[in-house]
Amino acid sequence: IQTSKSIFVNIANGTENTLSDKNPYILTELEDAKGTFFSEGQLIFSGTGSLQIASKQAHGIITDDYIRIRSGEIRIKAVKDGFSAKDHILIEGGDIYLSVSDDGISCRQGYITIEDGNITVESMDEGIVAGYDPETDLVIEGVVPDITINGGVITIKTYGEKGHGIK
């Protein structure tokens, strides 16, 4: 999605939806392709159906803005991050299952807030991480990383040599 506007994704009741990419990506000059579900703007997920994402080349769901999950079942299998946002990630509910080769939930320059939901992360790197540069593995200068957990059930399993549950 190449617009900076808010995108509302309603995972309709009783539906099972699947989205996958192909490897390698075929790009045009004006497109970003950072993940299977990519948006320049805000992504807001709701509904009671199921969304399954299979990423063979990049991130599962990624935005250059923020991700907000109100409800729904979201399952991601990705070769990079499961969820990746620049500004912030807000999880207010839903059932989330992430099986990833990189970070489960990653916010590059902002913060992560978890209010509710059932979250399961199986990761080769960090389970939940905020405010660091994945290239250098250092905190980004000028960014104050913040992760707030007010509720929900969170299960994290990391298998990587440098993996942390929450960083």
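Let me start with a term: a residue counts as buried under 20% relative accessible area, as exposed over 50%, and as partly exposed in between. Keep that in mind. What you see above is a predicted model.

First, the sheets. Six strands form an open sheet, ordered S1-S4-S7-S10-S13-S18, with parallel pairing. Strands S1 (7-11) and S18 (146-149) are at the edges. Each has a single partner strand, so one side of each lacks a neighbour in the sheet. From one strand to the next, the twist averages 10°.

There is also an open sheet of five strands, in the order S3-S6-S9-S12-S15. Its pairing is parallel too. Here the edges are S3 (35-39) and S15 (128-130). The twist averages 10° from strand to strand. Look at S3 and S6 (residues 59-63): four bridges pair them in the parallel sense. Phe 37 is opposite Ile 61 there.

Now go to S10, residues 88-91. Four bridges join S10 to S7, residues 66-69. Another four join S10 to S13, residues 111-114. His 88 has Tyr 66 opposite it in S7, and Tyr 111 opposite it in S13. Ile 89 is the bridge partner of Ile 67.

Where do the side chains of S10 go? His 88 and Leu 90 point one way, Ile 89 and Ile 91 the other. All four are buried. As a general point, side chains in a regular strand alternate between the two faces of the sheet.

The largest nonpolar core has 29 residues. Phe 45, Ile 61, Phe 83, Ile 89 and Ile 105 have the most contacts inside it. Take Phe 83. Beyond its neighbours within four places in sequence, Phe 83 contacts Ile 61, Ile 89 and Ile 105, among others. Its partners also include Ile 67, Leu 98 and Gly 104.

On to charges. The structure holds five salt bridges. Lys 34 pairs with Asp 64, with the closest N and O atoms 2.7 Å apart. Lys 34 is in the loop between S2 and S3, and Asp 64 in the loop between S6 and S7, so this pair ties together parts 30 residues apart in sequence. Lys 34 is partly exposed, at 30% relative accessibility.

Next, Glu 92 and Arg 68 meet in a salt bridge, at 2.8 Å from N to O. Glu 92 lies in the loop between S10 and S11 (95-100), Arg 68 in S7. That ties together parts 24 residues apart in sequence. Both are partly exposed: Glu 92 at 27%, Arg 68 at 25%.

Then Lys 167 and Glu 126, whose closest N and O atoms are 3.7 Å apart. They are 41 residues apart, with Lys 167 in the segment after S19 (153-158) and Glu 126 in the loop between S14 (118-123) and S15. Are these two buried or partly exposed? Lys 167 has 35% relative accessibility, so it counts as partly exposed. Glu 126 has 1%, so it counts as buried. There is a network as well: shared partners join Lys 34, Asp 64 and Arg 108.

Last, a charge without a partner. Asp 65 is in the loop between S6 and S7. Asp 65 is buried yet has no salt bridge. The nearest side chain of opposite charge is Lys 86, 8.7 Å away. What does Asp 65 touch? Its contacts include Glu 40, Gln 42, Asp 87 and His 88.

Terms used: Residues are numbered from 1 along each chain as its sequence is written. This is a predicted model: local features need pLDDT of at least 70, side-chain atom pairs count only at pLDDT 80 or more; totals for chains, interfaces and linings use all residues. Side-chain values use heavy atoms; hydrogens and water are left out. Two strands pair if DSSP finds at least two bridges between them. Helices (H or I, at least four residues) and strands (E, at least two) are DSSP runs, numbered from the N terminus. Axes are lines fitted to C-alpha atoms, for helices over the stretch in contact, and angles run from 0 to 180 degrees between N-to-C directions. A nonpolar core is a set of buried Ala, Val, Leu, Ile, Met, Phe, Trp, Tyr and Cys residues joined through side-chain atoms within 4.5 Å. Buried means under 20% relative accessible area, exposed over 50%, partly exposed in between (1.4 Å probe, protein chains only). Contact means heavy atoms within 4.5 Å. Lys and Arg count as positive and Asp and Glu as negative; His and the chain ends are not counted. A salt bridge is a side-chain nitrogen of Lys or Arg within 4 Å of a carboxyl oxygen of Asp or Glu.
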